[in-house]
Amino acid sequence: MSPGTTRDPASTQRRLLEAGRDEFAAVGVAGARVDRIADAARSNKAQIYHYFDNKDGLFDAVFDQMCRETVDEVPIDPADLPEYAGRLHDSYRRRPWVQRLATWHRLERGADAALEVVIASNAAKIESVARAQSDGLLPTTFTAAELLGLVIHLSGFWESNVREYDVLVTDVGVARRREVVVAAVAALVSAD
């Protein structure tokens, strides 16, 4: 360390998490390179090992942080699931790495790697949807868990499509994409 500089562990960790996020979103865990992450973070490999133990630990920290940010940023409103879906869609659009990281997590971590924060959040959302169904605010065509799953997947529809579909809908603008998500969920919750 040169004279006059101070260590800032929080800043180093933040830069490593951001660089790791970008690298993992692009190439997954297996394709990610610690050297590239360290260079992008203006740090070194030793810091990755110091703060996160290894590349897998860094990926887990990146994924955990992303999940917590999403849960905090987009609280559910069971009385207005269409707008909840729209806000979740907006979050995915602002943070395009979310769907990519979720896909890499499913592929490379498997079904046994579920995060407790996501499980707890989804359980609370299912309970709130079930209450809204019990109160007559939402239809009972689907169970609360099924309805929440459909809303979550419709929210991510545009951000998780395959390229072969995306090339066919390049004329669908940003505002229309949100409208489609909101309208689809509105149609879903109006049916009974």
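Which residues does the UniProt annotation "domain: HTH tetR-type" cover? I found residues 10–70, from an unreviewed entry; such annotations may be inferred rather than shown by experiment.

I noted that this is a predicted model, where local features need pLDDT of at least 70, side-chain atom pairs count only at pLDDT 80 or more, and totals for chains, interfaces and linings use all residues. Residues are numbered from 1 along each chain as its sequence is written, and side-chain values use heavy atoms, with hydrogens and water left out.

Over residues 10–70 I read 87% helix and 0% strand, taking helices as DSSP runs (H or I, at least four residues) and strands likewise (E, at least two). The UniProt record also places a "DNA-binding region" at residues 33–52, again from an unreviewed entry. That stretch is 75% helix, and its end C-alpha atoms are 14 Å apart.

Next I checked α1 (residues 9–31) against α4 (residues 55–73): they pack at about 105°, axes 9 Å apart. That makes α1 roughly perpendicular to α4 (65 to 115 degrees counts as such). Among the residues that meet are Leu16, Leu17, Gly20 and Phe24 in α1, and Leu58 and Phe59 in α4; contact means heavy atoms within 4.5 Å.

Then I followed Leu58. Leu58 touches Leu16, Leu17, Gly20, Phe24, Ile37, Ile48 and Phe52, not counting residues up to four places away in sequence. Phe24 and Leu58 are also among the members that touch the most others in the 43-residue largest nonpolar core, a set of buried (under 20% relative accessible area, 1.4 Å probe, protein chains only) Ala, Val, Leu, Ile, Met, Phe, Trp, Tyr and Cys residues joined through side-chain atoms within 4.5 Å.

Note on methods: Axes are lines fitted to C-alpha atoms, for helices over the stretch in contact, and angles run from 0 to 180 degrees between N-to-C directions. Angles under 35 degrees count as roughly parallel, over 145 as roughly antiparallel, 65 to 115 as roughly perpendicular and the rest as oblique. Buried means under 20% relative accessible area, exposed over 50%, partly exposed in between (1.4 Å probe, protein chains only).
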